Amino acid sequence: MQINLPYEILQKVTKPVRYTGGEFGSVQKNWDDVSCRMVLALPDVYEVGMSNLGLSILYGIMNGRDDTLCDRVYSVWIDMEREMREKKIPLFALESRRAVKDFDFFGLSLQYEMIFTNVLNMLDLAGISLHAVDRAEDEPFVIGGGPCVYNVEPVADFFDFFVIGEGEEILSEVAENFIAWKNSGKVGGRKGFLKKIAGVNGIYVPSFYQPIYDGENFIGMKILDSVAQKKIYKRVVKNLDDVFFVKNPIVPFIDIVHNRAVLELFRGCTRGCRFCQAGMCYRPVRERSEKVLLETARRLIDSTGYDEMSLTSLSSADYSCLNHLVDELQKDFVNERVNFSLPSLRIDSFSIELAEKLQAVRKSGLTFAPEAGTQRLRDVINKNVTEENLLDACAAAFQKGWKSVKLYFMMGLPTETDEDIAGIADLAQKVANLYREITHRRDVKVTLSVSCFVPKPFTPFQWFGQISLEEFERRQQFLKNLIRDRAITYNYHNAKVSILEGVIARGDRRLAKVIETAWKYGAKFDGWSDLFNFDAWQRAFEDCKIDAKYFNERERNIYEPLAWEHTSPAVSKNFLISELEKSQAAQTTRDCRRTSCTGCGVCMKLGVNVIDYNSQVSSFNLPEKFQSSTLKVQPTNYRAQIEKGEEVAFLSHLEYMNVFMSALLRSKLPASYSEGFNPHLKVSFATALGVGVTSNSEYVDFVLAANVESAEVMEKLNAQLPNGAKIVRIRKISSKTPALTALVDFSRYEIFVPFDGDFDVAVEAAKKFNSAREIFFQRVTPKKSREIEIKNLMAESVKVTQVEGGLKIKFGVKIKLDGTVKPSEVLKVLRDEFGLNVEVLDAKINRTALLSRGKSLLDR
């Protein structure tokens with residue numbers, strides 16, 4: 001049944017066209033002519049939801065299928081909600097006017113944590129059961145997607161499944177699986193479909209996983225169904241030129257947040273800012289070709305009538321062909337006075353010529369994001385910009401007539417001091433003074449926008465505690481007192497909102513009852529300052545007896561299990577730890593697009609490559625230079641992290657070294673040899689790995705006779721290494737760098753062992769092992785037998801989780817001059833001394849880390 005709002009209601013509410021539909025570009029389909037019906041939502045007001053590019057793309061893709069109908073819905077504003085509840089009108093979709101409850105799927109885009117209460121409000125208005133476990137067979141499947149999927153545990157109870165990563169390909173697979181299940185007679189009912197969809201890469205079904213706690217601490221995820229994947233990696237589109245892009249977007253009747261054409265240049269960012277979740281989770285960079293962008297831009301303007309276009313991406317100024325693209329766009333639209341804009345400009349790559357081009361039609365202010373007030377803190381967060389960069393950019397702009405600059409900063413960053421905060425005021429004053437010095441005028445406007453730092457999952461700062469509400473407010477006032485120039489405007493965020501965001505961002509499923517309770521107390525539209533109800537949240541935490549500070553203020557140990565690690569953007573944990581360590585030393589990391597791989601692991605794990613259309617000439621294409629007689633001899637030392645996979649697991653340490661040296665010779669790289677009568681390749685590995693053990697983190701040092709770019713060395717060696725052996729990171733090192741064997745002092749292992757017994761018995765065995773003060777083990781070798789004390793050699797406690805088909809056991813061991821403990825020996829003790837009934841010979845052992853004083857060997 002279609003729902004048409006009574007005229008009297010539309011007269012009462014603000015902006016009634018939010019609820020009428022019928023906008024230009026919207027798609028109408030016959031309800032009865034399709035097999036799959038889907039409604040997509042962003043749980044915020046229409047003006048925000050209509051500005052979301054992702055939903056616009058998915059709307060176009062799904063409506064492009066003959067068998068599927070895709071509709072839209074957004075959160076209704078307070079006045080409309082009141083009318084709908086009073087008149088008992090359910091939440092309905094805009095095109096079909098059908099109740100949301102009548103659809104097969106209700107998909108919600110989770111853009112930020114402060115809309116979680118709106119999710120519950122929409123479900124309740126729609127008449128859909130809040131908890132997935134309570135949903136009847138005829139209720140829609142509730143899907144979650146968007147940026148927050150990298151920790152959905154706080155709202156996992158409310159969703160049937162989540163789409164992890166980019167949705168262009170996966171949502172069609174969802175529809176295809178649904179139609180097949182429907183045509184089969186819906187075998188297995190609701191759970192039958194969830195089991196079917198759980199096998200699709202990128203799909204997370206929370207009901208198939210159970211969090212395990214030890215007191216208040218999360219210790220792991222128990223898999224409840226054999227179809228559930230151990231870790232769900234994000235889905236990515238490998239080539240953006242090959243997928244659908246919106247060319248006929250819906251044109252709203254009213255002004256929306258981003259009321260303009262949107263041209264997405266690329267996805268991903270490799271700048272590596274350590275606070276930025278998007279920069280870590282949206283890797284790798286994949287550019288659209290200039291040809292496709294120009295064609296899309298023409299179609300967008302022609303189909304919408306917009307006179308403004310935003311060239312959007314995480315860091316749009318990093319598009320490799322940007323200058324030429326802008327030239328071509330302005331040439332194509334010279335007679336239509338279309339204004340092109342970038343969301344913000346990079347300070348370190350600012351071009352006044354580009355800025356003038358972009359604002360040739362309408363000149364507005366410039367926006368830069370230094371993020372921190374001092375160079376030390378900018379290095380901590382890996383911003384890789386300097387004060388000189390900012391002042392040079394502003395000087396160039398002021399000389400060309402600009403007089404308004406907006407500067408974005410964050411407050412509460414790790415290691416921040418009052419000196420860093422004072423640096424924000426000092427930098428703003430320098431910008432204002434620079435304008436007056438250049439122009440001899442006083443009409444400059446400098447706007448400071450200072451947000452509160454929120455640590456997010458899958459960033460190097462995910463282990464840091466967030467500062468307290470009181471400290472945020474003290475620092476905000478401290479900065480305010482330092483700003484006395486009337487040319488400087490200081491805007492700052494509500495710290496209470498940021499504190500709550502910090503709690504939810506790194507929370508687990510225990511927060512579901514807090515979110516539900518806060519919603520019942522009236523919390524909704526929490527991202528809106530005038531509607532944010534902090535009292536409702538405080539009451540909710542008190543009622544649920546949950547300490548919010550445990551989730552946001554607590555500093556986490558890098559070895560503790562994290563509630564979000566099973567849904568992964570494929571960024572290596574070792575990389576994040578390495579970046580964390582670098583931040584503490586205020587060391588920066590280069591952009592991999594401009595130099596060589598920095599080892600985040602995304603490309604390798606997902607089988608996708610960086611696409612940069614300006615990188616046509618690469619050193620990889622110049623193998624002949626190594627054959628040249630004019631090659632300059634310049635001995636250069638390298639250190640590489642190399643994997644040892646199952647294909648080569650049973651090579652001995654010496655055999656594996658020989659495999660590497662053979663690959664080095666085949667690569668035609670200028671290998672370096674020792675001197676003397678019996679010269680040998682200058683190659684050395686770290687500590688030996690047991691036969692049959694795989695590893696993500698073996699290390700090798702070697703010397704080349706010439707200075708070759710690290711990326712090229714890795715490329716050539718990997719081309720010659722056998723399956724199972726692969727270099728994942730590499731860098732040049734000093735000839736004085738200590739040898740690997742002298743550095744390594746720690747090894748971390750992960751063991752999978754078949755197990756069909758009581759999981760509680762396994763947990764108890766681990767607890768007994770961890771609590772024992774001493775454990776003696778008789779080590780027997782072909783030559784001798786001796787007793788060793790194991791606990792003295794343990795660096796991390798044993799952690800046990802249940803996985804499909806058995807157990808996953810993790811721990812770390814020390815590596816000392818007089819030896820170490822083997823992972824198989826730890827497993828034997830768990831079996832023989834503490835009752836863990838497993839077969840040691842069936843265990844698959846993998847070394848996940850080899851460290852020196854807590855750091856990667858590549859960083860020593």
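## Briefing: backbone, cysteines and helix packing

Arg853 is exposed, with a relative accessible area of 68%; here exposed means over 50%, buried under 20% and partly exposed in between, using a 1.4 Å probe and protein chains only. Please keep in mind that this is a predicted model, in which local features need pLDDT of at least 70, side-chain atom pairs count only at pLDDT 80 or more, and totals for chains, interfaces and linings use all residues. Residues are numbered from 1 along each chain as its sequence is written, and side-chain values use heavy atoms, with hydrogens and water left out.

**Confidence**

- The average pLDDT, the predictor's confidence in each residue from 0 to 100, is 91 for the protein, and 96% of the residues score at least 70.

**Backbone details to look at**

- Most residues other than glycine have a negative phi, and most peptide bonds are trans.
- Arg853 has a positive phi, near 55°. Its place is in the loop between β29 (844-852) and β30 (855-856); helices (H or I, at least four residues) and strands (E, at least two) are DSSP runs, numbered from the N terminus.
- Lys545 also has a phi near 55°, and this residue sits in the loop between α18 (534-543) and α19 (548-552). Its relative accessible area is 75%, so Lys545 is exposed.
- A cis peptide bond leads from Arg283 to Pro284, with omega near -5°. Pro284 belongs to the loop between α8 (277-281) and β12 (286-287).

**Cysteines**

- With a disulfide taken as a pair of cysteine sulfur atoms within 2.5 Å, the count comes to zero.
- For Cys269, the nearest cysteine sulfur is that of Cys273, 6.4 Å away, and Cys269 is in no disulfide. Cys269 counts as buried, at 10% relative accessibility.
- Cys592 has its closest cysteine sulfur in Cys600, at 6.3 Å, which is too far for a bond.

- Cys394 lies in helix α13 (residues 387-399) and counts as buried, at 0% relative accessibility.
- Leaving aside neighbours within four places in sequence, Cys394 is in contact with Phe368, Val405, Val431 and Leu434.
- Tyr233, 161 residues from Cys394 along the chain, has its C-alpha atom 42 Å from that of Cys394.
- The axes of α13 and helix α14 (residues 418-439) come within 10 Å and cross at roughly 35°. These axes are lines fitted to C-alpha atoms, for helices over the stretch in contact, with angles running from 0 to 180 degrees between N-to-C directions.
- On the α13 side, the residues making this contact include Leu390, Leu391, Cys394 and Phe398, while those of α14 include Val431, Leu434 and Ile438.
- The residues of the α13 contact with α14 divide into 10 nonpolar, two polar and two charged. Ala, Val, Leu, Ile, Met, Phe, Trp, Tyr, Cys and Pro count as nonpolar, Asp, Glu, Lys and Arg as charged, and the others, Gly among them, as polar.

**Lys573**

- Lys573 has its place in helix α20 (residues 573-584) and is partly exposed, with a relative accessible area of 28%.
- Not counting residues up to four places away in sequence, Lys573 touches Trp463, Ile558, Glu560 and Glu565.
- Ala849 is 276 residues from Lys573 in sequence, and the two are 9.9 Å apart in space, C-alpha to C-alpha.

Methods: Contact means heavy atoms within 4.5 Å.
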